Amino acid sequence: MDTEEASTPEAEAAAVKEPPKIHRLEESVVNRIAAGEVIQRPVSAVKELVENSLDANATCINVVVKDGGLKLIQVSDDGHGIRYEDLPILCERHTTSKLSKYEDLQSIKSMGFRGEALASMTYVGHVTVTTITKGHLHGYRVSYRDGVMENEPKACAAVKGTQIMVENLFYNMIARRKTLQNSSDDYTKIVDLLSRMAIHHTNVSFSCRKHGAARADVHSIDTSSRLDSIRTVYGVSVASNLVQLEASEYNDSSSFVFKMDGYVSNSNYVAKKTTMVLFVNDRLVECAPLKRAVEIVYAATFPKASKPFIYMSIVLPPEHVDVNVHPTKREVSLLNQELIVEKIQSAVELKLRQSNDSRTYKEQTVESSPSSPYNPSKELHLNPSGSKLQKVPVNKMVRTDSSDPAGRLHAYVQSKPHTSVASGPNLSAVRSSVRQRRNLNETADLTSIQELIDDVDRNCHSGLLDIVRHCSFIGMADDVYALLQHNTHMYLANVVSLSKELMYQLVLRRFAHFNAIQLSDPAPLSELLMLALKEEDLDMENSENDDLKEKIAEMNTELLKQKAEMLEEYFCVKIDTRGNLSRLPIILDQYTPDMDRIPEFVLCLGNDVDWEDEKCCFQAIAAALGNLYAMHPPLLPNPSGEGLQCYKKRKPLKNPVDIERYPNDAGDNVENEDEIEHQLLAEAEAAWAQREWSIQHVLFPAMRLFLKPLNSMATNGTFVKVASLEKLYKIFERC
């Protein structure tokens with residue numbers, strides 16, 4: 001008895017350790033699994049059936065849906081129909097008229113090609129097909145289940161084309177059916193699909209309605225104008241705010257790489273989400289990189305209208321498109337995809353700049369007569385549709401638009417024209433200055449970098465984030481602080497601290513994905529280090545430590561030469577074998593750092609970086625780059641105000657005897673003889689004006705998109721609230 005009991009656990013353990021047996025699944029199980037992948041939702045079945053109708057050269061397609069497609073999907077067309085001889089194998093897997101060998105995929109032009117859609121529907125629903133071909137007096141109706149006919153085709157009356165009904169979809173997939181109980185949500189997806197199809201296939205009329213409804217939710221007619229089709233489907237409010245867009249690229253042999261035409265919304269179009277309708281070789285697909293690239297351009301150019309409407313039709317040689325990459329054919333793989341995305345992005349940016357010149361605004365009536373003063377209590381806010389909203393108290397009314405990239409202070413200050421600043425990039429050319437041509441999430445696959453990014457995300461202050469995202473730039477209060485308005489509050493913001501943190505975060509998110517600034521003359525590290533060391537030495541006349549400085553510079557030069565490969569690969573900081581700095585990264589487009597701060601940067605790399613610990617090393621290098629690219633005040637004194645005294649030079653009197661004769665007037669004469677160094681003054685004015693311009697038009701737009709303010713910025717003086725409209729009204733009321 002004891003022996004049997006002792007052996008039983010051993011036998012069970014042996015049985016558990018034995019690997020499971022591999023067996024072949026039944027064909028019905030395989031087909032149902034495959035069907036669940038191809039037909040994921042009712043809209044998947046509608047898409048496949050509509051594409052089959054388009055392949056049949058239909059000019060009219062009608063869709064009827066019941067209970068979101070779970071009870072009934074009926075698609076009728078006036079295409080060429082299905083031959084009687086093909087009905088027995090119509091719903092078998094991998095039966096198709098679109099291709100006969102694998103090489104045909106290289107030149108496929110039809111929507112379907114696998115021969116799986118109809119078969120999949122028969123494994124998860126009840127399918128009935130009614131069809132008639134040209135020249136026949138009657139049609140045929142036949143039902144299918146599990147890929148085969150339930151009975152022989154029966155003759156019946158029929159109209160030209162084919163009608164396919166799918167009933168009780170997912171009747172044998174209980175879990176799938178339970179997740180799709182929201183019929184209104186699925187019907188909305190079907191309507192959206194038919195709307196997208198309708199505006200592209202303008203030579204086909206589409207209709208979609210619920211079963212039993214007299215009115216169609218989608219109804220388009222055959223038209224020659226794409227814009228008319230958009231107006232019919234999406235409405236006048238969308239069509240009236242679209243601009244036409246075209247782009248193309250040709251190779252050396254004059255054959256085209258791609259052609260694109262479409263429509264994009266202008267600045268007057270405002271929506272809660274982006275609508276992108278993309279067709280590649282007449283196939284409705286999705287392309288996340290292209291959508292992201294266009295959204296970035298809109299965010300930088302039209303912050304208020306950053307959720308655009310986009311319709312694009314891209315035509316490529318069939319051999320440049322791989323259509324067999326997704327079970328539902330929702331995605332395709334394109335040859336030269338990066339080139340295509342970049343060209344289209346540039347075309348969109350150019351078109352938006354041109355369209356911005358003709359923006360239209362809603363008018364507000366303002367009483368101009370001095371006898372009838374303006375009554376603020378009568379002012380009402382309007383929403384985009386023009387309807388009245390709830391009255392806002394005057395002491396809580398925000399009169400600025402945070403989405404406007406231009407500041408408000410400069411509108412009231414008459415500034416002197418500076419030729420050096422005017423020759424720089426103009427505002428319209430830099431509306432997209434913060435456009436990032438790379439995805440900031442495409443960092444190198446290093447745990448330490450991801451940990452540093454996670455640290456930033458965890459320490460983000462939600463209140464300051466809202467201020468940064470929706471503030472209005474007013475102007476510079478002094479050399480370091482800028483004035484910002486957020487809602488009814490005014491803040492002082494430390495530009496140096498904010499720009500330093502922004503650059504640090506951008507370095508982490510662009511890790512190993514930098515473009516480069518090539519230095520015209522490579523700078524020797526040893527000389528840069530000596531400059532930095534001499535700047536740190538307060539006793540400039542003491543030369544006793546020169547040998548020590550040279551030794552420190554030599555040691556740091558050798559150290560950085562050893563780390564040159566890593567610095568170039570991850571941070572685009574190139575140091576050649578001779579110890580010369582020849583390349584720096586581009587952290588923010590349209591912005592170049594102050595080259596006078598490079599010695600300090602090189603010394604920081606040599607002294608402050610812990611090269612043994614990966615995370616600490618990357619953090620210190622990113623911080624050093626952030627400090628280099630931060631928008632520090634220029635080294636030349638600010639020529640406005642008292643700083644102008646620094647640019648005056650003393651000119652001696654022509655006759656020294658006059659000093660002895662008129663000692664009391666000597667000082668006045670010397671002061672009168674002061675001359676301004678105009679060349680140096682012009683250089684300083686240009687530097688300070690360029691810095692303020694970069695802060696307003698480059699730094700703050702980039703902060704709105706990318707900066708995540710840290711919790712410490714709420715207490716360390718980076719943000720200081722200086723005024724509140726509500727409190728100011730209380731003060732004025734006392735007066």
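Helix α18 of the predicted model is mostly covered, with seven of its 10 residues buried (under 20% relative accessible area with a 1.4 Å probe, protein chains only). Helices here are DSSP runs of H or I of at least four residues, strands are E runs of at least two, and both are numbered from the N terminus. The buried positions of α18 are I598, P599, F601, V602, L603, L605 and G606. These residues pack against α15 (525–536), α16, β22 (580–586) and α19 (614–629). Residues are numbered from 1 along each chain as its sequence is written. The model is predicted, and local features need pLDDT of at least 70, side-chain atom pairs count only at pLDDT 80 or more, and totals for chains, interfaces and linings use all residues.

Two packed helices are described by the angle between their axes and the distance between the axes. The axes of α16 (residues 546–562) and α18 (residues 598–607) come within 9 Å and cross at roughly 80°. Axes are lines fitted to C-alpha atoms over the stretch in contact, with angles from 0 to 180 degrees between N-to-C directions. The two helices are therefore roughly perpendicular to each other (65 to 115 degrees). On the α16 side, N556, L559 and L560 make the contact (heavy atoms within 4.5 Å). On the α18 side, V602, L603, L605, G606 and N607 take part. By class, the contact residues are five nonpolar, three polar and no charged. Ala, Val, Leu, Ile, Met, Phe, Trp, Tyr, Cys and Pro count as nonpolar, Asp, Glu, Lys and Arg as charged, and the others, Gly among them, as polar.

Two cavities of 30 Å³ or more are found in the whole structure. A cavity is a set of points on a 1 Å grid, over the protein atoms alone, where a 1.4 Å probe fits but cannot get out. The largest cavity holds about 50 Å³, volume being the space filled by probe spheres set on the points. Its lining (residues with an atom within 4 Å of a point) consists of L278, V280, C287, L290, I314, L334, Q337, I340 and V341. Strand β12 (275–280) and helix α10 (337–356) each supply at least two lining residues. Helix α10 gives the most, with three. Eight lining residues are nonpolar, one is polar and none is charged.

Across the protein chain there are 23 helices and 25 strands. Of its 735 residues, 43% count as buried.

Terms used. Heavy atoms only, no water. Parallel < 35°, antiparallel > 145°, perpendicular 65-115°, else oblique. 1 Å grid on protein atoms, 1.4 Å probe; cavity = no way out; pocket = protein on both sides within 12 Å on 5 of 7 lines; lining within 4 Å. Buried < 20%, exposed > 50% of the residue type's maximum accessible area, 1.4 Å probe, protein only.
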